[in-house]
Amino acid sequence: KGINVDRIIEQNAKHHTIAGPIMQKAVASSHYLKYGIRKAKQGDADKKDDEEDSEGTKKADEGEEGLLDEVEAPCPEDDEECIQAKQELQEVEQTKFSEYSRKLFLGIIKGFVSSFNQNCAVGLTTSVNSFFDIIDNLAVYNPTKTAKFQISSVNFTEATNQVYAYCDVNQLTKQFTMLSDYENFENYFVFASRIGGTLVNTYPEMMTCINDGQRKSNGFDVGYCGSTLASTFLDTSF
């Protein structure tokens, strides 16, 4: 019978209510969207803040290294407390990595999807969130995760249907087709001039944002600034 358009529209309204809080929470974690890039530091107060940030980052890195050493260190065979503590530390590390990756992809969506196509952004947001929910609940043998895994799987299927219905990749495909047309060398002059303008206007700020995000383990900033830079290079978005 073909595509059930009414069903897609109904599900889109549902996913709007789901995706809104998810993206708002991710955006709230962004240092770049809150404060931007401070290009010039003025006064002793700013210098002191930078030193405190650097010291805090250094301590955090040392703490993570110590945590990794504890995770990798072997436990005595009969030390159940050590084994349990090691498992808990591994779960903490996995949770941190999962949260970083989740926000990384949400940042990519925020930076690469046009603000005029919120339906596509909603579908991609719920797809990413449902995917990581599936990963977090893969241990279906655990009764507390069985139902969560099933719900996440259904949400992921519905979300990818929204992506298929609302995300238009024709412009992106057109750009790659143009770049692959090596016989029409005029396209490369246009692309080179666009890259030149980007390197002057956008590249320094976006790379500073990416480096700051990596240093602070802020996945959203890394994804957002990286995808914004890619979108500028390609002169396209979803």
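The accessible surface of this predicted protein model comes to about 15,300 Å², and 56% of that area belongs to carbon and sulfur atoms (Shrake-Rupley method, 1.4 Å probe; for residues, only the protein chains shown count as cover). Of its 238 residues, 32% count as buried (under 20% relative accessible area; exposed is over 50% and partly exposed lies in between, with a 1.4 Å probe and protein chains only). The protein holds 10 helices and zero strands (DSSP runs numbered from the N terminus: H or I of at least four residues for helices, E of at least two for strands).

A quick word on conventions: residues are numbered from 1 along each chain as its sequence is written, and side-chain values use heavy atoms, leaving out hydrogens and water. As this is a predicted model, local features need pLDDT of at least 70 and side-chain atom pairs count only at pLDDT 80 or more, while totals for chains, interfaces and linings use all residues.

**Overall fold**

- Along the sequence, the pattern reads α-α-α-α-α-α-α-α-α-α.
- Among contacts (heavy atoms within 4.5 Å) with a separation of 6 or more, 69% join residues 24 or more positions apart.

- H6 covers residues 143-166, and its 24 residues should span 34 Å at 1.5 Å a residue; the end C-alpha atoms lie 36 Å apart, which agrees (the expected span is 1.5 Å times one less than the number of residues).
- Ser 152, Asn 155, Glu 158, Ala 159 and Gln 162 are the buried residues of H6.
- These buried residues pack against helix H1 (5-28) and helix H5 (118-136).

- Two packed helices are described by the angle between their axes and the distance between the axes.
- The axes of H1 and H5 come within 8 Å and cross at roughly 70 degrees (axes are lines fitted to C-alpha atoms, for helices over the stretch in contact, with angles from 0 to 180 degrees between N-to-C directions).
- H1 and H5 are therefore roughly perpendicular to each other (65 to 115 degrees; under 35 counts as roughly parallel, over 145 as roughly antiparallel and the rest as oblique).
- H1 passes H5 in a left-handed crossing (the near helix is turned anticlockwise from the far one by less than a right angle; clockwise would be right-handed).
- On the H1 side, the contact includes His 15, His 16, Ile 18 and Ile 22, and on the H5 side the residues include Val 122, Thr 125 and Asn 129.
- H5 and H6 also have axes that come within 8 Å, here crossing at roughly 155 degrees, so these two helices are roughly antiparallel.
- The crossing of H5 past H6 is left-handed.
- Residues of H5 that meet H6 include Leu 124, Phe 131 and Ile 134, and their partners in H6 include Phe 149, Phe 156, Val 163 and Tyr 166.

- Asn 211 is found in helix H9 and is partly exposed, with a relative accessible area of 40%.
- Asn 211 and Cys 225 are 14 residues apart in sequence and 9.9 Å apart in space, C-alpha to C-alpha.
- Ser 217 sits in the loop between H9 (203-215) and H10 (219-234), where its phi is near 55 degrees, a positive value in a residue other than glycine.
- Ser 217 is partly exposed, at a relative accessible area of 46%.
- H10 has 16 residues, of which 13 are buried, so this helix is largely enclosed by the rest of the structure.
- The end C-alpha atoms of H10 are 22 Å apart, in agreement with the 22 Å that its residues should span.
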